Amino acid sequence: MSDGIPIEAAAPNAPAVAQPSALPAEEIDRMTDEIVAALKTVYDPEIPADIYELGLVYRVDIADDRAVTIDMTLTAPGCPVAGEMPLWVENAVSAVQGVRDVKVNMVFDPPWDQSRMSDEARIALDMW
């Protein structure tokens, strides 16, 4: 496994995804797309935008054994759902076909700020 490599071309808030892998590129692409779709089903209950579009997901690593590690943050360290949100993410990503295991790491470095939000999140929150 290697460290995540940012994918800035995909979206300004795209998380880093580890490369290369012993898994076929097509399988990594499929799993990545489905993991992103799963992450987009998880919402901070206080904010009407999903955690992916908010830029809360910093890194997604798919290991050769199909274990997925996700580094994510919160909009604020004192977020009331800090204890629950990692479980929501774990449950959503665990449902992706081919994922063997999911580990969610809560990180606060670098701290989240509004520059990590996608245009979709900015529209939803009327934050231009």
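Which residues of H1 are buried? Keep that in mind while setting up the view.

This is a predicted model, so local features need pLDDT of at least 70, side-chain atom pairs count only at pLDDT 80 or more, and totals for chains, interfaces and linings use all residues. Residues are numbered from 1 along each chain as its sequence is written, and side-chain values use heavy atoms, without hydrogens or water.

**Stop 1: helix H1.** Select residues 25-39. Helices are DSSP runs of H or I with at least four residues, strands are E runs of at least two, and both are numbered from the N terminus. Buried here (under 20% relative accessible area, 1.4 Å probe, protein chains only) are Glu27, Ile28, Met31, Thr32, Ile35, Val36, Ala38 and Leu39. They cover an arc of only 160 degrees around the axis, taken from the directions to the C-beta atoms, which puts them on the same side of H1. Now turn to the opposite face: Glu26 and Asp33 are exposed there (over 50%).

**Stop 2: strands S4 and S5.** Select residues 67-72 and 101-106. S4 and S5 pair in parallel over 6 bridges; pairing takes at least two DSSP bridges. Pick Thr69: its bridge partner in S5 is Lys103. Then follow the chain from S4 through helix H2, residues 85-94, to S5. This β-α-β crossover is right-handed: with the strands pointing away from the viewer, the path over the helix runs clockwise.

**Stop 3: confidence.** Colour by pLDDT (predictor's confidence per residue, 0 to 100). The protein chain averages 87. Over residues 1-10 the pLDDT is below 50. Where pLDDT is low, predicted coordinates should not be read in detail.

Note on methods
Expected span 1.5 Å × (residues − 1). Contact = heavy atoms within 4.5 Å.
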